Amino acid sequence: MSRNPLTAGEPLREFLSGDARQLAPLLLGAVLTHDSRDGAVSVRLTEVEAYLGPEDSLHPDPGSHTYRGPTPRNAPMFGPAGHLYVYFTYGMHHCTNIVCGPEGTASALLLRAGEIVDGVELARHRRTTSKSPADLARGPARLAKALGLTTADSGRDALAPPFGLVLPSRPAVPVSSGPRVGVSGAGGTDRYAWRFWITGDPTVSQYKAAKPRGAKPDPATFHGR
C-alpha cells in the first residue's frame with residue numbers, strides 16, 4: 001500500500017521541490033492552515049492544478065503565468081518550494097498557489113478547491129454567499145477568501161507560522177485527472193491534463209472550458225489563469 005513520502009523522513013520542503021505534476025495527486029487530502037489575526041481556518045485540499053514554466057524552459061507550459069518569463073507578479077513561482085503565490089485577477093478574486101520544484105525553476109500548484117475542516121464559522125463569515133459547507137472553498141477564489149489570503153501573502157512561507165501544511169498519512173484514493181479549468185489555448189487541452197481531484201468529493205469545482213475573450217468570468221468556477 002502506498003505511503004506518504006514523509007513517513008520515510010523526507011523533509012516537507014524537499015518533498016515539495018519535486019515535479020508539480022507528480023506532487024499534485026499527493027497533495028490531495030493535505031490540510032493547509034492560516035492562523036490570521038481573526039482566527040485559524042484549515043482546508044483539506046480536494047482539487048489542485050499543476051502549472052510549470054516559461055516557453056524557453058525544460059517544461060514549457062502555455063497555461064502558466066510564467067510562460068512569457070519572470071515578472072514582479074509571478075516572481076514567487078521561481079522561488080523556494082513551499083511558499084505561496086497569491087494573485088488578484090479580473091478585479092475581483094484572489095487565487096492561491098503553493099510553489100513547487102527547485103528554486104529558480106518555475107512551477108506551482110493552484111489550490112482549486114477544498115473542505116473547511118477547522119474554523120468553519122470564520123470561513124462562513126468571510127464567505128457569506130456560500131449556501132452550504134461544501135461551497136465554502138469550492139473553487140480557487142472561494143478557497144482563498146475562506147482562508148483570508150490576499151496578494152499581501154504572496155511569497156510567504158506556507159510551511160511556517162502563521163501557516164501550516166500537513167500531508168495525509170496516505171495518498172487520497174480514488175483520484176481523477178483531466179484538463180485544467182478555464183485555460184485558453186493549448187494549455188487547456190488534454191495534452192495538459194494536469195488538474196487532479198478526489199473522485200466524487202462534493203467540494204470539487206465544476207469543470208468549464210475557457211470562456212471566449214472578453215466574456216465575464218464566473219466567480220463560482222473561476223480558475224484564475
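Strand S5, residues 108–118, is largely enclosed by the rest of the structure, because eight of its eleven residues are buried. Here buried means under 20% relative accessible area, as found with a 1.4 Å probe on protein chains only. The model is a predicted one, in which local features need pLDDT of at least 70 and side-chain atom pairs count only at pLDDT 80 or more, while totals for chains, interfaces and linings use all residues. Residues are numbered from 1 along each chain as its sequence is written, and side-chain values use heavy atoms, with hydrogens and water left out.

Strand S5 has partners on which the reader may now focus. Two strands pair if DSSP finds at least two bridges between them. Strand S2 (residues 39–51) runs antiparallel to S5 and is joined to it over nine bridges; within this pairing, Ser42 has Asp118 as its bridge partner in S5. Strand S4 (residues 93–99) is also antiparallel to S5, over three bridges, and Asn97 stands opposite Leu110 of S5.

Strand S4 also contains His93. This residue is buried, its relative accessible area being 10%. His93 lies 49 residues from Arg142 in sequence, yet their C-alpha atoms are 8.5 Å apart in space.

A pocket can be described next. On a 1 Å grid over the protein atoms alone, a pocket is an open set of points where a 1.4 Å probe fits, with protein on both sides within 12 Å along at least five of seven lines, and lining residues have an atom within 4 Å of a point. The second largest pocket holds about 380 Å³ of space, a volume being the space filled by probe spheres set on the grid points. It is lined by 20 residues, of which His94, Ala144, Lys145, Gly148 and Leu149 are the closest to its centre. Strand S1 (31–36), S4 and helix H4 (140–147) each give two or more residues to this lining, and H4 provides the largest share, four residues.

Of the 225 residues in the protein chain, 53% are buried. Among its contacts (heavy atoms within 4.5 Å) with a separation of 6 or more, 63% link residues 24 or more positions apart.

Conventions
Buried means under 20% relative accessible area, exposed over 50%, partly exposed in between (1.4 Å probe, protein chains only).
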